[in-house]
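This briefing concerns one protein model and is arranged by topic. Please read it alongside the sequence and the coordinates shown here.

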Amino acid sequence: TKGFSEKKNMDVLMVGTGEYTSGWVGKVADSDKSTGVVGLVCLDLQLRGKINELKMCGTNGTKLPAIRQHMNKVIGQVYDGLDPTKIQTFPSDDVIDRKAYLSALETCKSGDCAIIFTPDDTHFEIAMACINKGLHVMITKPPVKTLDQHNKLAAAAKAKGVVCVVEVHKRFDPIYRDARDRIRAELGNFSFFQAYMSQPKHQLETFKAWAGKSSDISYYLNSHHVDFHEWVCHGIARPQTVTALKSTGVAAAKLQNDNCEDTITLCVHWLNLNDKSSGHAIYTSSWIAPKADVHSQQRWFYMGTQGEITVDQAHRGYTLATDAAGYKSSNPLFWKPAPSNGKFKGQHCYGYLSFESFIDAANSVNSKHITVQALDADLPTMATTVGATAILEAGRRSLDAGGKPFNLIYDSDDSTTPIDIRLA
């Protein structure tokens, strides 16, 4: 989808103004994303001629002056050529409007793009409105919380002829990509996969508006490695049964919400399609980790019948220590906010490439260089990420049913796209 560098006439609407978009959470985000990611990437893509106008939409206009001031401080005053003051914002500064994205969409045209980074339970409604308007859509993970909503968005995008993808940047990590290729080419059938991912407990303050209410830590973090494992095994193995386990106590006390789990583990039985042999996977996520040398622990182990792979994405052999921040393990393969001679130089980070691949794809579809259906082979489209959503929903339903297992249902013995979820 790359190689088309002519001037574009495509605007981008960023829906959501939080940490991942702007780096502002009522204060400067205490994470590795204080500059924001979405806004900075889009401003750089605009500078490179791949985007025309930029727009940003939240729900509480009274927060926007502080967000604009923050973005100008950490972007406009730091990087040559990047000017966040030109971003058109919605709603007006004196307006609180949960449907402000509808007003923002009125300023968009068919063929524009929407990048949605909002609470999980809002994705479906916003994405459907964008698709119906004819916009290409990227949705943060998890794209939706149910198999039914996932299939509806996939069908709507197909009917409208627009790109609809999930923002799963781990697929663009060169180590993850190499591991996936080696697994599929060299390691035989799937046998066992184990993943762990965490957030420090102080992040619960950032997530308090939705944590344990409209979503949970499994949807928020397990979505990363569930998607990766689904991608690794796509077409050669499929998930069959999901059982979930939980730990509680810290988040419930901190947020005064007994429904908020600390740690969630999904135990999934898999089936290899070639010989019907079994494999199993364990995906664990937690948001009660202590502050450490990394913001988020993230590691996994894969065993195939002919080999194994271990990856620790949080520790890439690069450490630094400062008086201001103490000891840290850095991962500039994901994100590089440090300027180089006054310029942003994070274009090769996988946190950037995920967005660029979407923008390139949308531009290529608009210019008729490629069809939407052809993108299924290379991008995390809604049509090819059904299994991950099914696993996450089955996990939530298992927790709500006291840990009972749930089966994923397929329409044939060889299908890898689940069509239903049922109590085992």
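The sulfur of C267 lies 17 Å from the closest cysteine sulfur, that of C233, which is too far for a bond; a disulfide is taken as a pair of cysteine sulfur atoms within 2.5 Å. The model is a predicted one, in which local features need pLDDT of at least 70 and side-chain atom pairs count only at pLDDT 80 or more, while totals for chains, interfaces and linings use all residues. Residues are numbered from 1 along each chain as its sequence is written, and side-chain values use heavy atoms, with hydrogens and water left out.

**Cysteines**

- The structure holds zero disulfides.
- C57 takes part in no disulfide, and the nearest cysteine sulfur, in C130, is 9.3 Å away.
- C57 is buried, its relative accessible area being 2%; buried means under 20% relative accessible area, exposed means over 50%, and partly exposed covers the range in between (1.4 Å probe, protein chains only).
- C267, by contrast, is partly exposed, with a relative accessible area of 27%.

**Overall fold and dimensions**

- The protein has 12 helices and 16 strands, where helices (H or I, at least four residues) and strands (E, at least two) are DSSP runs numbered from the N terminus.
- The radius of gyration is 21 Å, which agrees with the value near 22 Å that a compact globule of 424 residues would have; this radius is taken over C-alpha atoms, and the globule rule is 2.2 Å times the number of residues to the power 0.38.
- Along the principal axes, the C-alpha atoms fill a box of roughly 55 × 50 × 40 Å.
- Of the contacts between residues at least 6 apart in sequence, 73% join residues at least 24 apart; a contact means heavy atoms within 4.5 Å.

**Surface and charge**

- Buried residues account for 56% of the 424 residues.

**Buried loop residues**

- V37 lies in the loop between helix 1 (19–22) and helix 2 (38–47), and at 0% relative accessibility V37 counts as buried.
- Neighbours within four places in sequence aside, V37 is in contact with Y20, T21, W335, G351 and F355.
- T416 is in the loop between strand 15 (406–409) and strand 16 (420–423) and is buried, with a relative accessible area of 19%.
- With neighbours within four places in sequence left aside, T416 is in contact with H234, G235, A237, R238, L273 and Y410.

**Strand 16**

- L423 is found in strand 16 and is partly exposed, with a relative accessible area of 48%.
- Residues up to four places away in sequence not counted, L423 touches K404, P405 and F406.
- The C-alpha atoms of L423 and S398 are separated by 8.4 Å, the two residues being 25 apart along the chain.

**Backbone geometry**

- Most residues other than glycine have a negative phi, and most peptide bonds are trans.
- The peptide bond from F90 to P91 is cis, with omega near -10 degrees; P91 is in the loop between strand 3 (88–90) and helix 4 (100–105).
- K141 and P142 are likewise joined by a cis peptide bond, with omega about -10 degrees; P142 is in the loop between strand 5 (136–140) and helix 6 (147–160).
- Q256 has a positive phi, near 55 degrees, and is a residue other than glycine; Q256 is in the loop between helix 10 (250–255) and strand 9 (263–272) and counts as exposed at 71% relative accessibility.
- N341 also has a positive phi, of about 55 degrees, although it is not a glycine.
- N341 is in the loop between strand 14 (326–329) and helix 11 (350–366), and at 76% relative accessibility N341 counts as exposed.
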